[in-house]
Structure formats: C-alpha cells, structure tokens
Amino acid sequence: MEKIAENLKRVRAEISDAAEKGGRAPGDIELIAISKTHETEKVRAALDAGQQIFGESRVQEARAKIPLLPSSARWHFVGRLQKNKVRHALPLFELFHSIDSIELAREMDRIAGEEGLRVRVLLEVNVAGEGSKIGFAPDSLRTQMESLLELPRLTIEGLMTIPPLAPEAEASRRYFIALRELRDQFAAQFQVNLPQLSMGMSGDFALAIEEGATLVRVGTAIFGKRTPARLVSENAAE
Ligand SMILES: *Cc1c(COP(=O)(O)O)cnc(C)c1O
C-alpha cells in the first residue's frame, strides 16, 4: 500500500513535467485513478495519499465497491455502458467518459429525466478508424452532434479516445492531436464549449498532456497490474 502512495507521487510529478513541457498549468489536468478490478483497500490507500477521483468500467463492480468507500471519493465511469445498466449507473458517477452511440445518449437522457438528474458526459471518438470499433466515427459524430446537444438532461463537456494498442507510446500522439483538432472543429462549428479532453493512460499520459489532455485515466501505473483471472470472472458475472 505504501507503493500506491509512491506511485501516485511519481505519476503526479510526471503530470507536472508534461504540463510544463506542453506549456500548460499542472492544475488544468485532472488525474483519474482507474481502480477497476482492484480491491477497496487499494482505493483507500490512494485516497489516504490524496487522490480524489477514481474510474471504474463496470457498473456491477462499482455498485459493490463504491458504498464500501468514504463518500469523499468521487467516481467517473470509463467503460462501455450497457443500456440496461444506465439507471443504476447514473447516481454513482459524476462524469461518464465513454458515450459511444446516440442510442445510449438518448437512453441516459430519458432515464435522467425520470430520476430528476443531470448527467455530465464525454463522447468517445474512434479517431483511429480501422482497428477499433468502439466510439463514434468522427464523420458520423459530426452529423449527430446537433441531436446530441439537444438532449436536455445531458451536458456534453468534451471528447474521449482510446488509441489502438501500440508498442511505442509515441504512436498515440497523432490520435491525441486528432482528438484535440476534432474538439476545436466541433466547438467552432456548433458554437459550444467542449473543455474536456479525456486521453492518456499509464503508457502514454505524458504525451496526451503535451497534446492537451485535461483528464488522464491512469490505472496500472498507480495500482499495479490487473489480474486477468478476476477480469474474466467479473466479465462472466455481468
Ligand atoms: C483500464 C482503463 C484505463 C487504465 O489503463 P492503464 O493502462 O492501466 O492505465 C484507462 N482508460 C480506460 C477506458 C480503461 O478501461
């Protein structure tokens, strides 16, 4: 658990360095500690070390975990949200990073209406095209943006992406640039404020910050490796 405090310190230092390199204020970058598959004791250690925001990617796991932790912990959802899990998910998370279809956005808006909630979301974009099928294709998002912006219960705060897996972190850079440019285009074209760019994971968050990330999603570099066995059983449980 001491390791977690150490890891956090190192990650925070790397965030500051990258911000400086990119000519940005470190305070403009929020670290989301991705705690999926990790036990509550590890989350508690990170909280004790000053980390406030955590990210989960499965509603079932989050529903079990969140009540066991102090209410000072804040939670973001970063996984694929199934429509039948929306009602459970809405009250648990302050930001949803990964809205990947208009159908999901409409369902979230509908249920938020029923529950009297407002929902902060990011739109997940597949900037790489081939290879990854998760997220909006940029062109298709452009045609759906007006409809998305009209959903009264959703506040669209920006864009998110997961670049294709690559051996070299530097390979991610062009996707981070593409996401930022797309955000700039959309903000101008639709006259909206899209301040958030969620991009960068353990292997490439420094590059993402240089290219404008405001939210970095870092799991392994803080909590260590995730155990595949647990991943499998949790998938099966859902
Ligand atoms: C698991 C996950 C992360 C964290 O990945 P690491 O490589 O462990 O830092 C970030 N973003 C999303 C969407 C994830 O599912």
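I take the expected span of a helix as 1.5 Å times one less than its number of residues, and I apply this to a predicted model.

**Helix α6.** I looked up α6, residues 138-149, and found that its 12 residues reach 16 Å from the first C-alpha to the last, close to the 16 Å expected. I then listed its buried residues, which are Leu141, Gln144, Met145 and Leu148. They cover an arc of only 150 degrees around the axis, which puts them on the same side of α6.

**Core.** I turned to the largest nonpolar core, where, of 66 residues, Phe96 and Met108 touch the most other members. Leaving aside residues up to four places away in sequence, I find Met108 touching Leu81, Val86, Leu90, Phe96, Ile99, Val119, Val121 and Leu154.

**Aromatic pairs.** I counted five aromatic pairs. For Phe77 and Phe93 the ring centres are 5.2 Å apart and the planes stand at 65 degrees; since an angle over 60 counts as edge-to-face, I record the pair as such. The pair links distant parts of the chain, with Phe77 in strand β3 (residues 74-77) and Phe93 in the loop between α4 (86-89) and β4 (95-99), 16 residues apart. Phe77 is buried at a relative accessible area of 1%, and Phe93 is buried at 6%. I also note that Phe77, Phe93 and Phe96 form one aromatic cluster.

Terms used: Residues are numbered from 1 along each chain as its sequence is written. This is a predicted model: local features need pLDDT of at least 70, side-chain atom pairs count only at pLDDT 80 or more; totals for chains, interfaces and linings use all residues. Side-chain values use heavy atoms; hydrogens and water are left out. Helices (H or I, at least four residues) and strands (E, at least two) are DSSP runs, numbered from the N terminus. Buried means under 20% relative accessible area, exposed over 50%, partly exposed in between (1.4 Å probe, protein chains only). The arc is that of the directions from the helix axis to the C-beta atoms. A nonpolar core is a set of buried Ala, Val, Leu, Ile, Met, Phe, Trp, Tyr and Cys residues joined through side-chain atoms within 4.5 Å. Contact means heavy atoms within 4.5 Å. Rings of Phe, Tyr and Trp (its six-membered ring) pair if their centres lie within 6.5 Å; planes under 30 degrees apart count as stacked, over 60 as edge-to-face and the rest as tilted.
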